[in-house]
Amino acid sequence: HTLFYEDINLVSAIPPQEFTTTPELIDFQPAVEDVSTLSHDRYRNSPYEMALYIQDKFELPSLIFNVGLRLDYFEPDGRYPSDPKDPNLNDPLLLQNADSTLAARETYWWKKASAKTKLSPRLGVAFPMSDKGVFHFAYGHFVQRPTFERLYANPEWELEPGSGLNTLMGNPDLKVEETITYEFGFQQQVAEDIAVKTSLFYRDIRNLVGTDRIIETYKSGTKYSQYVNRSFGEVKGITVSVDKRYANNFSSFVDYTFQIAQGDASDPQSTYNDLNGDNPRQPQKQLVPLNWDRRHTINAGFSYSTQGISNWGTSVIAKYGSGLPYTPVQQGIRTGFENDGRRPGFYSLDLSAFKSFGLGSKARQKLILTLNVLNLLDTKNEDNIYGDTGRAGYSQERNRAVEIPEINSLDEVYVNPSFYSRPRMVKLGMKVEF
């Protein structure tokens with residue numbers, strides 16, 4: 001990878017003017033400060049990653065094995081301060097560092113982030129009970145490198161002014177995140193064209209990135225938070241499905257998933273956010289629902305089509321999901337544990353249909369008209385919500401807000417169409433096959 005990142009916050013020599021409700025022109029003279037300042041960040045890095053794998057399949061009289069081994073290698077191309085308590089090369093805190101020249105500090109200031117190597121074994125076993133049923137088991141390790149923004153955040157290692165915790169640093173020496181997966185299930189044919197499947201699964205997620213590392217600097221009362229591999233989570237659940245393959249002009253399916261996804265935090269910055277600001281709170285020390293913890297999911301579909309050149313067909317797909325978690329807040333202050341509330345559930349129904357017409361004497365020439373209707377019932381699913389009510393349609397903040405007509409009305413602020421799912425969409429199409 002070749003990464004180049006630059007973030008510039010323009011400053012002005014003119015002091016900011018007081019806010020007024022009367023629109024007026026403000027003379028703004030932009031200026032770009034040096035990269036050594038807080039208003040200017042820049043980095044250029046060339047990390048690289050490599051993966052090798054080997055896999056094989058072999059069969060015994062009553063067992064089928066799929067085995068594999070994957071090697072992941074990641075070179076972060078990063079560096080970090082050798083003394084975490086004095087992170088900024090350009091503005092050292094220790095007197096002995098401040099008295100030395102910049103060139104002298106460069107010789108001992110940095111440590112190179114180490115390369116990361118991970119072996120991931122994988123195993124799949126199938127046990128055929130008969131010609132119509134089979135048990136299966138799967139085990140595997142899966143890894144993912146941290147995002148680059150968490151490796152290289154705040155590349156100059158600058159501390160925000162003031163005391164307390166108000167700075168978040170990146171960490172180019174982060175380990176890869178790892179998920180260990182276990183799955184057990186069976187598949188059984190119950191009729192000529194109907195099969196039942198079920199799977200139990202468990203995922204152990206380790207080395208997730210969090211901001212639990214709090215470092216006290218040499219400046220009294222000043223500390224910062226740094227990304228580190230300390231978060232964890234787990235996912236467990238069951239999936240049951242019934243499939244009818246195409247026969248007698250129609251096919252159908254239905255599947256249900258029950259899942260519990262928990263961890264110590266959904267947001268990697270949760271510890272930093274808890275301890276930052278004028279009203280810090282003790283970070284939570286318990287498992288909470290993760291942002292994508294949808295307990296119940298049901299999908300169902302039905303398709304019908306006729307045979308021949310001038311045929312037609314239609315299909316519908318229905319989806320239902322219970323509500324995702326959210327964190328209740330009142331006037332910007334969290335009132336409970338993270339993800340302690342539940343949003344409303346969602347459901348949708350999509351329709352598609354086609355009609356084909358033969359063209360000419362050749363059987364392969366066809367004109368096909370298509371119809372696709374997304375969100376057939378025009379359901380207003382609440383994709384986003386206000387944290388103080390758990391709903392998309394209203395917020396308690398509106399009762400305390402003061403309307404300023406010259407700027408906007410309360411409806412323009414608190415009625416937000418983007419909080420809802422996409423309305424009904426109808427697509428008509430035509431294609432020619434030959």
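Helices (H or I, at least four residues) and strands (E, at least two) are DSSP runs, numbered from the N terminus. The model is predicted: local features need pLDDT of at least 70 and side-chain atom pairs count only at pLDDT 80 or more, while totals for chains, interfaces and linings use all residues. Residues are numbered from 1 along each chain as its sequence is written, and side-chain values use heavy atoms, with hydrogens and water left out.

**View 1. Loop residue Asp-378.** Asp-378 sits in the loop between β24 (366-374) and α5 (397-400). Its phi is near 55°, a positive value in a residue other than glycine. Asp-378 is partly exposed, with a relative accessible area of 35% (buried means under 20%, exposed over 50%, partly exposed in between; 1.4 Å probe, protein chains only).

**View 2. Loop residue Asn-339.** The loop between β21 (333-334) and β22 (341-342) holds Asn-339. Phi of Asn-339 is near 55°, again positive in a residue other than glycine. Asn-339 is buried, at a relative accessible area of 5%. Most residues other than glycine have a negative phi.

View 3. Two strands count as paired if DSSP finds at least two bridges between them. Strand β6 (residues 64-75) pairs with strand β9 (residues 116-130) in the antiparallel sense over eleven bridges; Tyr-73 has Thr-117 of β9 as its bridge partner. Strand β10 (residues 133-144) runs antiparallel to β9, joined by eight bridges, and Val-125 has Phe-137 of β10 as its bridge partner. The hairpin from β9 to β10 passes through two residues.

**View 4. The largest nonpolar core.** A nonpolar core is a set of buried Ala, Val, Leu, Ile, Met, Phe, Trp, Tyr and Cys residues joined through side-chain atoms within 4.5 Å. The largest has twelve residues, among them Leu-3, Tyr-43, Phe-74, Leu-174 and Tyr-272. Both α3 (148-152) and β11 (164-169) supply at least two residues of this core, and the largest share, three residues, comes from α3. Apart from this core lies another, of eight residues, including Trp-109 and Met-169.

**View 5. Surface patch around Tyr-320.** Val-242, Val-254, Tyr-256, Ile-298, Tyr-320, Tyr-347 and Leu-377 form a nonpolar surface patch with about 580 Å² of accessible area together. Patch residues have over 30% relative accessible area and no salt bridge; like charges are joined within 9 Å, nonpolar side chains (Val, Leu, Ile, Met, Phe, Trp, Tyr) within 5 Å. A salt bridge is a side-chain nitrogen of Lys or Arg within 4 Å of a carboxyl oxygen of Asp or Glu. Accessible areas come from the Shrake-Rupley method with a 1.4 Å probe; for residues, only the protein chains shown count as cover. Tyr-320 lies in strand β18 (residues 312-321) and is partly exposed, at 36% relative accessible area.
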